[in-house]
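Have the sequence and the model open side by side.

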Amino acid sequence: MKIYTKTGDSGSTSLFGGTRISKDDIQIEAYGSVDELNAHLGLLTVQITEAVWLQRLKDIQSYLFVIGSHLATSDKELKTKLPQLLGDNEKKLERYIDEMENQLQPLQNFVLPGGGLRSAQAHICRTVCRRAERRVVSLSHSNEADPLIIVYLNRLSDFFFVFSRYLSKIDHSSEEYWQS
């Protein structure tokens, strides 16, 4: 099977199920942003040596594939055959956030992105996650986007923020704070 099909040369692409739409459609923007987040998260995972965190990040990556499959599908019948979106998956992220925050100093100022390579990559994941969330919100105005996806992406961006601070701490990197 060849990787190039030439079917997208006119600026259109296929959704899961075969429906063709423009490559700049908000649906493509939404799942493309989730895919971009997953790629940035992949770059972060190759820098993680702590087994528990590596497994957690791999689980997040897998769930982002589930989210992407739902965003890339318009056919309601086909969606029933996809792996299910989990209504309590954000609770896992909240537990991780609480676990990390218990080890961090309370936040007093805005944190500048950085704080070491791993922390900086977590900040990139956070900002791409926020964009993905915005694209899914836009999609929800004109199409069906499961509200569980928006909740999860919102919590995930919070996770990446706290994870960046946590990585700074365990890597003994200084956090830099914004000064007005």
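## A serine under cover

Ser 33 has a relative accessibility of 2%, so Ser 33 counts as buried (buried means under 20% relative accessible area, exposed over 50%, partly exposed in between, with a 1.4 Å probe and protein chains only). You'll find Ser 33 in helix H1. Helices here are DSSP runs of H or I with at least four residues, strands are runs of E with at least two, and both are numbered from the N terminus.

What does Ser 33 touch, not counting residues up to four places away in sequence? The list is Val 128, Arg 131, Ala 132 and Arg 135, where contact means heavy atoms within 4.5 Å. Ser 33 and Gly 68 are 35 residues apart along the chain, and their C-alpha atoms are separated by 9.1 Å.

## Before you read on

Keep in mind that this is a predicted model, in which local features need pLDDT of at least 70, side-chain atom pairs count only at pLDDT 80 or more, and totals for chains, interfaces and linings use all residues. Residues are numbered from 1 along each chain as its sequence is written, and side-chain values use heavy atoms, with hydrogens and water left out.

## The whole chain

The protein chain has 6 helices and 4 strands. Reading from the N terminus, the order is β-β-α-α-α-α-β-α-α-β. Along its principal axes, the C-alpha trace spans about 50 × 35 × 35 Å.

Of the 180 residues in the protein chain, 41% count as buried. The accessible surface comes to about 10200 Å², and 53% of that belongs to carbon and sulfur atoms (areas come from the Shrake-Rupley method with a 1.4 Å probe; for residues, only the protein chains shown count as cover). Take the contacts between residues at least 6 apart in sequence: 70% of them join residues at least 24 apart.

## H1 against H5

Now for helix H1 (residues 26–45) and helix H5 (residues 117–142): their axes come within 8 Å and cross at roughly 165°. Axes are lines fitted to C-alpha atoms, for helices over the stretch in contact, and angles run from 0 to 180 degrees between N-to-C directions.

The crossing of H1 and H5 is left-handed, a term used if the near helix is turned anticlockwise from the far one by less than a right angle, with right-handed used if clockwise. The residues of the contact of H1 with H5 divide into 15 nonpolar, 6 polar and 5 charged.

## H2 against H4

Helix H2 (residues 51–71) packs on helix H4 (residues 89–101) at an angle of about 150°, with the axes 12 Å apart. That makes H2 roughly antiparallel to H4, and H2 passes H4 in a left-handed crossing. From H2 come Trp 53, Arg 56, Ile 60 and Tyr 63, which meet Asn 89, Leu 93, Tyr 96, Glu 99 and Met 100 in H4. Sorted by type, the residues of this contact of H2 with H4 are 6 nonpolar, 1 polar and 2 charged.

Is Asn 89 buried or exposed? With a relative accessible area of 8%, Asn 89 is buried. Setting aside residues up to four places away in sequence, Asn 89 touches Tyr 63 and Tyr 152. Tyr 63 also turns up among the contacts of Gln 84, alongside Val 66, His 70 and Lys 79, again leaving aside neighbours within four places. Gln 84 sits in the loop between helix H3 (76–79) and H4.

Ser 119 belongs to helix H5 and counts as buried at 1% relative accessibility. Beyond four places in sequence, Ser 119 touches Gly 114, Ser 164, Leu 167 and Ser 168.

Ser 168 is also touched by Ser 173, as are Gly 115 and Gly 116, with residues up to four places away not counted. Ser 173 lies in the loop between H6 and S4 and is partly exposed, at a relative accessible area of 25%. Ser 173 and Gly 115 are 58 residues apart in sequence but 5.4 Å apart in space, C-alpha to C-alpha. His 172 is in the loop between helix H6 (147–170) and strand S4 (176–177), and counts as exposed at 74% relative accessibility. Check its backbone too: phi of His 172 is near 60°, a positive value in a residue other than glycine.

Terms used
Ala, Val, Leu, Ile, Met, Phe, Trp, Tyr, Cys and Pro count as nonpolar, Asp, Glu, Lys and Arg as charged, and the others, Gly among them, as polar. Angles under 35 degrees count as roughly parallel, over 145 as roughly antiparallel, 65 to 115 as roughly perpendicular and the rest as oblique.
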